[in-house]
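Let's take a walk through this structure together. Have a look at the model first, and then we'll go through it piece by piece.

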Amino acid sequence: MDNLLTTIATDENHVVTTIATDNNHTLTTLNLIAKARGITNARKAASTIKTYRSVWSAFTAWCSSMSRESCPASPETVVLYVTARSDDLKPQTIKKHLAAISQIHKMADHPSPVQTGPVRRFMEGLRRQQPTATTPKKA
């Protein structure tokens with residue numbers, strides 16, 4: 001999980017091999033890796049990463065209990081997961097779960113199982129069954 005959340009851009013062999021100079025000082029590969037991770041991690045807020053970890057932990061635990069693959073997950077696995085969670089979670093919270101699952105798949109260089117027809121159709125049906133309350137606008 002931590003490797004997925006700290007994946008950095010690398011060459012096609014997935015190895016950082018560049019040693020650069022900065023003000024005539026050679027930066028070690030480890031320093032470059034640390035710097036790249038810091039820059040990469042800055043693209044997501046700490047609270048978002050915390051949410052992703054929490055969701056991913058719940059998703060992988062559910063997958064394990066159901067003998068299903070979590071990464072890469074199939075669209076069917078994602079639909080079954082959100083079906084299992086739909087009684088306890090509001091559609092908006094389920095959308096956050098789907099966002100986390102999608103992002104972690106992308107970070108692992110897998111296609112997102114969330115951005116597929118079966119998952120989209122399921123969410124459309126869920127929204128119709130569990131509409132969110134709307135607050136009337138003031139005149």
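How many residues does helix 5 have, and how far does it reach from its first C-alpha to its last? Helix 5 has 17 residues and reaches 24 Å, close to the 24 Å expected at 1.5 Å a residue; the expected span is 1.5 Å times one less than the number of residues. Helices here are DSSP runs (H or I, at least four residues), numbered from the N terminus.

Before going on, keep in mind that this is a predicted model: local features need pLDDT of at least 70, side-chain atom pairs count only at pLDDT 80 or more, and totals for chains, interfaces and linings use all residues. Residues are numbered from 1 along each chain as its sequence is written, and side-chain values use heavy atoms, with hydrogens and water left out.

Back to helix 5. Its buried residues (under 20% relative accessible area, with a 1.4 Å probe and protein chains only) include Ile94, His97, Leu98, Ile101 and His105. Just past the end of helix 5, Asp109 takes a positive phi of about 60 degrees.

Now for the core. Leaving aside residues up to four places away in sequence, Ile101 touches Val55, Trp56, Phe59, Val78, Tyr81, Pro113 and Val114, where contact means heavy atoms within 4.5 Å.

Next, the rings. A search of the whole structure turns up three aromatic pairs; rings of Phe, Tyr and Trp (its six-membered ring) pair if their centres lie within 6.5 Å, with planes under 30 degrees apart counted as stacked, over 60 as edge-to-face and the rest as tilted. Phe59 and Tyr81 are edge-to-face because their planes sit at 85 degrees, with centres 5.0 Å apart. Phe59 lies in helix 3 (residues 46-65) and Tyr81 in helix 4 (residues 75-85), so this pair ties together parts 22 residues apart in sequence. Phe59 counts as buried at 0% relative accessibility, and Tyr81 does at 1%.

Tyr81 also forms an edge-to-face pair with Trp62, 5.7 Å centre to centre and 65 degrees between the planes. Ring pairs link Trp56, Phe59, Trp62 and Tyr81 into a cluster.

Definitions and conventions:
Helix = DSSP H or I, 4+ residues; strand = E, 2+ residues; numbered from the N terminus. Buried < 20%, exposed > 50% of the residue type's maximum accessible area, 1.4 Å probe, protein only.
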